[in-house]
There are 2 protein chains.
Amino acid sequence: MGQWIKDFDEGDMTQKDLLGGKGANLAEMTRLGLPVPPGFTITTEACRAYLATGSAPEGLLDEVDEHVARLEQAMGRRLGDDEDPLLLSVRSGAKFSMPGMMDTVLDIGLNDRSVEGLARSSGNERFAYDSYRRLLQMFGSTVLGIEDEAFAGELDKVKADRGVTADVDLDADAMRGLATTYKSVIREHTGQDFPLEPRAQLLAAVNAVFESWNTPRATFYRRQERIPEDLGTAVNVQVMVFGNRGEGSGSGVCFTRDPGSGHQGVYGDYLENAQGEDVVAGIRNTMPLADLEGIDKPSYDELLAVMARLEAHYRDLCDIEFTIEATKLWILQTRVGKRTPEAAFRIAKAMVDEGVIDADDAVRRVTGAQLARLLFPRFDQSADRVLLSTGIGASPGAASGRIALDSTTATEWAGRGERVILVRKETNPDDLPGMVAARGILTSRGGKTSHAAVVARGMGRTCVCGAEELEVDVEKRVVHVRGGRTLAEGDQISIDGTSGEVFLGDVPVTESLIVRHLEGTADEEDSLVDAVAFVLDRADAVRRLGVRANADTPDDAARARRFGAHGIGLCRTEHMFLGPRRELVERLILAEDDAGREAALADLLPLQRADFTEILEQMDGLPVTIRLIDPPLHEFLPDQTALAVRVALEDDHGQRDRQHHRLLEAVGRLHEQNPMLGLRGVRLGIAVPGLFTMQARAVLEAAADRIEAGGDPRPEIMIPLVATAEELTLVRPEIEAVVADVQAERGLTIPVRIGTMIEVPRAALTADRIAEDADFFSFGTNDLTQMTWGFSRDDVEAAFFPTYLDHGVFAVSPFESIDVAGVGSLVETAVRLGRETRPELHLGVCGEHGGDPESIHFFERAGLDYVSCSPFRVPIARLEAARAVLTG
Amino acid sequence: MGQWIKDFDEGDMTQKDLLGGKGANLAEMTRLGLPVPPGFTITTEACRAYLATGSAPEGLLDEVDEHVARLEQAMGRRLGDDEDPLLLSVRSGAKFSMPGMMDTVLDIGLNDRSVEGLARSSGNERFAYDSYRRLLQMFGSTVLGIEDEAFAGELDKVKADRGVTADVDLDADAMRGLATTYKSVIREHTGQDFPLEPRAQLLAAVNAVFESWNTPRATFYRRQERIPEDLGTAVNVQVMVFGNRGEGSGSGVCFTRDPGSGHQGVYGDYLENAQGEDVVAGIRNTMPLADLEGIDKPSYDELLAVMARLEAHYRDLCDIEFTIEATKLWILQTRVGKRTPEAAFRIAKAMVDEGVIDADDAVRRVTGAQLARLLFPRFDQSADRVLLSTGIGASPGAASGRIALDSTTATEWAGRGERVILVRKETNPDDLPGMVAARGILTSRGGKTSHAAVVARGMGRTCVCGAEELEVDVEKRVVHVRGGRTLAEGDQISIDGTSGEVFLGDVPVTESLIVRHLEGTADEEDSLVDAVAFVLDRADAVRRLGVRANADTPDDAARARRFGAHGIGLCRTEHMFLGPRRELVERLILAEDDAGREAALADLLPLQRADFTEILEQMDGLPVTIRLIDPPLHEFLPDQTALAVRVALEDDHGQRDRQHHRLLEAVGRLHEQNPMLGLRGVRLGIAVPGLFTMQARAVLEAAADRIEAGGDPRPEIMIPLVATAEELTLVRPEIEAVVADVQAERGLTIPVRIGTMIEVPRAALTADRIAEDADFFSFGTNDLTQMTWGFSRDDVEAAFFPTYLDHGVFAVSPFESIDVAGVGSLVETAVRLGRETRPELHLGVCGEHGGDPESIHFFERAGLDYVSCSPFRVPIARLEAARAVLTG
């Protein structure tokens, strides 16, 4: 057969690369013998050839003619024939569905003569002119690039003239008039007449599909979704069937299960005397699919059979578009249907129960992102809710609070304990304090990559952005909802960061059912709970990566364990120096001699020991990786600027305070230009004698206490910020000495491992040497990302990530999903070098990437032993670790 | 022959790995037929075997016996014989000379009986007992580890008892008594008798040499000098000859040229009736070597012949130790002699003139470090100078000023324009402001790796440390010179950071002769100037690496060119935003709209253009790499804390200043936690529209002006802080548009290249992608070091580098000499990946490492095209670039 074109009966569903998704599914259904209008697919290869040269590749036009001739022969009609015209549709269809591309042109083949032929042959003049004006409108807007409003405006005018509201109420005359008007619109906008020649219409539509691959919107979408630029799209050319042929005709969309809940049943919508796009456009109210049974039972029964056949064949929920033309059922499209997270889990489990798929398939069928959606709090669905407007769900969750129109107000009100929603036209770095203080953020402008969206996701704040119906008037301190009510600052609203909905008043929030079950605080039965449990059980059996949690407190440790964590991968100890213990750190810093320093450390020891004892108890029998203190000591002191102002004013008022002066002097002395690159981590351990020793002793004594209490502690001591093997060579013996001392004092053997973070680029580059003194590596991918890119998250994320995302510098923040090319290559280097030195080296990751699905897949490929993430992300990590194995 | 031992007549000078330096040279002289006392060398292999097991390797003892027997046969005497004993010396000799190792034991074979035999056979009882007490002392201190003072004290007592001051004035009786006393000292300190058995003495001495390889001092020295740990040392066993055999005997040291100046002539010292160590110890005043002619002309003539022979043979200055025993000349050691920088250059040039070596040898014979010494200012040698004390020359240069005893005083006095020397017991980070303010730093404690030394070298401040005779009394504000005068704070002193000398008063400083010649401000002739010029000319012919300078001003550019730079590798533009132009930057930052920002940029444009025009003029015909603005904009604003205090006080006093408030608000908004990792470099160029465009236009217009003026400008525009290819993909077209615009406006073709810094680890890791849009890479090794190690130089260098150097975490600061294992591996990766994409990619380095000798050798190996360094280091870079080729 031809080089550039495949007939629908030549392909199958595996050929998405060549035929695109739509074309492959049309071929598959043709192969199954389903009633698909005949047609052919111009391949993605033809598209690539076109885009490379800017014109149709040699032989393509001949092949198009040949295939059209075949269709004409099969149908016994000629394209655009004056008497009984064959009409065609042209639809794009890339491998991945992609917004921004030209979509559809219907009714190709109509012109001033053939429309009359169609009227005669169908005996339905209104249908013929309705079809003609549809062609003119679609061709005009999608092929010729005339904005849609130019046509819609004329339609509205005619409806107004005739005093009708629905398209179906326009008669043949009105449609004929519209066709004439649309031709004028085309002439006015392009200076050219609409091409009456059917072959010219067809070829223009095909070229338009090819060229739409490169629209800015499509290009941007591909960059966002990391779809390669060079795939190209296929073009599907298909014989028209008509749901708009009067009574006994219609179009509909159906799903083989409920895509909202996942429950079984017949779900769909049907619209009489309409084409498919009318259903989507919502020009009239559709009827439930079940009602079709009463109208056209034979077609309904046939459709149910097709649905059953397709679901069994695709072994998944199918989304089907169909048309009934004069009681004859046609299937126009099918694909595996999109679904809500609830539906995804329920369907996966149900299909396992039905024997359609196996348990591994169930794990493949759901994603960590879907599970995450099930773990966020939501608004109580049963509560009364008044929808104010809908924007873009930019950072998931549900939040209620009083409207605050600027950062200062938000901070102030939050300061006195109120829940606040920061509402802004858009945010900028100045709004940061308010964003931190608020429960949620709502903007009237900007999309998922706007400043508000990026920052909110980074902070885990609920955020709705781009709610364009809102007008924020900061001067008058009000928010107008366009065409609706006006709210004053201080009024209560609620935002849903998943759906993008904005509600009036304080909508009650319900905790996630799944979380309550994991927590053991819910006992209601629900098929969703069973489905999630089933998938996670299977995931645990499949995955190779261990999953631990980052947890600094006994409560977090307990929760992490309930969520399925097998140990703690990162227990930060600096949190244990806050609160009332700051005073001890101040003493440590201000100590004027060794004795003073040692006394302060001695007072810290029992407090730290108690912290560790409880955590080890919660994680009994499982490893607990304790990171020795990491931040610079001056971070425990007061803010320099605030203290300087206070001291200056005290002095000015003759109220000189000696202790404040001493503190200010220390703050000045310890001040660092770049604390992230300062005296912290292992450097602090080397520079401040006794600090690491005290912490190690607290860990070892806590472990000894646990052993004596009959427990099974498994502490791992982790040295932060190591950049060179010699640092570890210095510090390790110091800790080993403590181990030996405590073991001797207590007469016990304490199982403890000593390892290091790999979070400085140089540590990764010299991991062979570092592995000589490390029992384990834990990749601190947050710091590693900061140093590898040379930017500090705090400083740059809000300041220029939105700009960078807009410009496509990166598709996703490297703090959200690991930068495989840069940071990832360092991880791979460290894994290779570390294992060269020490084949049994245990490798994990404790940065936030440990809970990110794409990053987890990378860590699986990189051969790590475990990931560690926040307790709430543990179930997600369990699932994605398994999916990484199954989807390879 | 044997496995572990080589006789002197079996080896040669090439065998330093096996025989050590001393052994190889003894073998070489034996091979030349010079009068070397016979002996043998126990190889480094034997040492390594000993150290691996802790005992002599199998066969070694047999071989020792065999070789001793051969010596006995050759000399016709037996080791330690009762009548006419053969005596031996044992000396260590590693491949590289190394302090801290056991050095020498002489007169092995003497005991209570053989000493009598020696007295009889030599007819000189005093000589015999002098030799015996020497053996006891050396064996006791170096083999048995008894401190030297134990013996020296007894010697002093005997001299005092006898009322004499010189050893030679002690008679045979006194020497015999001393031998007895020394035996008691040994018994007291070790609980054991001195081993009378000659073979036991010999073997103990050999083992002691082996074991001294691992003394802490030797280990530390090797780490400092990067000498491998596993080389081991050889042991030289040699028949004793005696310069202490009375009249007609003596010992001396001589050089084949003056090691101080490099001039030709006979240089050396001779001491009658003494052993070599007496010459070194300075127990009596030596006589000039020339005086030997009058005492023993045959030996003198023979020695001159040996000197000529050795210099011709080694083709270099030789340092020779000799002994005359009863008018018979013996050569005990030779080696290529150490020399001053002046001597190194003069000798290299002279030997080329003499046809002894070729010009490439001359380049190999001198080092960049030596040349650097010739480029620093020095004290006027002709001026009267009163030496107060001598410490360690820790950071070269010469500085005079008034003594300031704390940082505050130093800062205050320097603030009113005075020259200050900060004098402290030792420094810590609190002293930093004073160190910055002072001309020089002097401490009484600490070595070359002390805080003062490290920080001073980092800042280029002259520093003398560890001047232990000084007692700094901060309470009384005075400095006592132990056993000397007392100086008050405010008194004038002068310090020489090269020699470590401290002088009283204001010693005049003279500029370097070489610098004055390079600058063209000196016209006196000097063979040193000729020698340096000769070496640099040859270096320029030999080297592959280009040498450019880092220069931001026309003056620096002009100087760099005079010093031999072929272009500018780094012209920083941020310096052009300082001074009165700060006001424009403030306007830019505070601009409330696009118009305000554009107006501020428009006002900056002509100023920048003028900056570039002058620099391009100075470097006409040579490339000038201009880095677009790099630091965060807020660095041009006032200090936050100071401004906050000012505003608080103004407000408190009812003097509220609106502009100050606005500025404080902006400072707060732009404040960054870690500015080094903040909104700077290319991020700024993307975030602040028009900024890079303005700078590019200034460069292009300046180049156009130069072309119109008949010049040949070669600007290169460099984008800082690129971390990912997409940044360059965004910015490059913006700059190319400016190039096209200016070319069109001026009707000229402007040769310009556009490239990027590689200073962020990720840029190196993804250099293949980055090279797609870069004509050149310039490695910014300062930032690359900071990010690869995760430390900021400002914050950590003073705070913990001294500790790290002390602990051997690194042997040298990675900011001084490039860290080959970490940062170097990123450079190599970037070179490889960059050239894969773009084989013609031009590669340079513009970090401070560009002027560091060891780093230059690395850059040669890495295949860069050029190095760029500060103007003063350009001659050093020219030399070392050539040496990197020759010594590769």
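I began with the salt bridges between chain B and chain A, and the count is two. This is a predicted model, so I read every value as computed.

**Entry: one bridge across the interface.** I looked up Arg762(B) next. Its side chain meets that of Asp819(A) in a salt bridge, at 2.6 Å from N to O. Side chains of opposite charge can pair when their charged atoms come close.

**Entry: polar contacts and helices.** I then counted polar contacts between the two chains. I noted 21 residue pairs between chain B and chain A, with both residues at pLDDT 80 or more. Which helix of chain B gives the most to the side that touches chain A? I found helix 24 of chain B, with seven residues. I also listed the helices of chain B that each supply at least two residues to that side. Among them are helix 25 (658–670), helix 28 (725–746), helix 32 (793–806) and helix 33 (820–837). Helix 29 (761–765) is on the list as well. By class, I sorted this side of chain B into 25 nonpolar, 16 polar and 11 charged residues.

**Entry: extent of the interface.** How many residues of chain B are in contact with chain A? I noted 52, and they touch 51 residues of chain A. The area buried between the chains is about 4400 Å². Carbon and sulfur atoms give 64% of that area.

**Entry: symmetry.** I superposed chain B on chain A. A rotation of 180° does it, with 0.2 Å of shift along the axis and an RMSD of 0.3 Å. The two copies are therefore related as by a two-fold rotation axis. The same surface serves both copies, since 98% of the contact residues of chain B recur in chain A.

**Entry: a bridge within chain A.** I searched the whole structure and found 155 salt bridges over all chains. One I looked up joins Glu28(A) and Arg31(A), with the closest N and O atoms 2.8 Å apart. Both lie in helix 1 (residues 16–31) of chain A, three residues apart, so about one helical turn separates them.

**Entry: confidence.** I checked the scores last. The mean pLDDT of chain A is 92, and 99% of its residues reach 70 or more. The model scores ipTM 0.85 and pTM 0.87.

Note on methods
Residues are numbered from 1 along each chain as its sequence is written. Chains are lettered from A and ligands numbered from 1 in the order in which they are written. Side-chain values use heavy atoms; hydrogens and water are left out. Copies are superposed by least squares on the C-alpha atoms of residues with pLDDT of at least 70 in both. Contact means heavy atoms within 4.5 Å. Buried area is the accessible area (1.4 Å probe) that two parts lose on being put together, summed over both. A salt bridge is a side-chain nitrogen of Lys or Arg within 4 Å of a carboxyl oxygen of Asp or Glu. A polar contact is a pair of N or O atoms within 3.5 Å; within protein, one must be able to donate a hydrogen and the other to accept it, and residues adjacent in sequence count only if both atoms are side-chain atoms. Helices (H or I, at least four residues) and strands (E, at least two) are DSSP runs, numbered from the N terminus. Ala, Val, Leu, Ile, Met, Phe, Trp, Tyr, Cys and Pro count as nonpolar, Asp, Glu, Lys and Arg as charged, and the others, Gly among them, as polar. pLDDT is the predictor's confidence in each residue, from 0 to 100.
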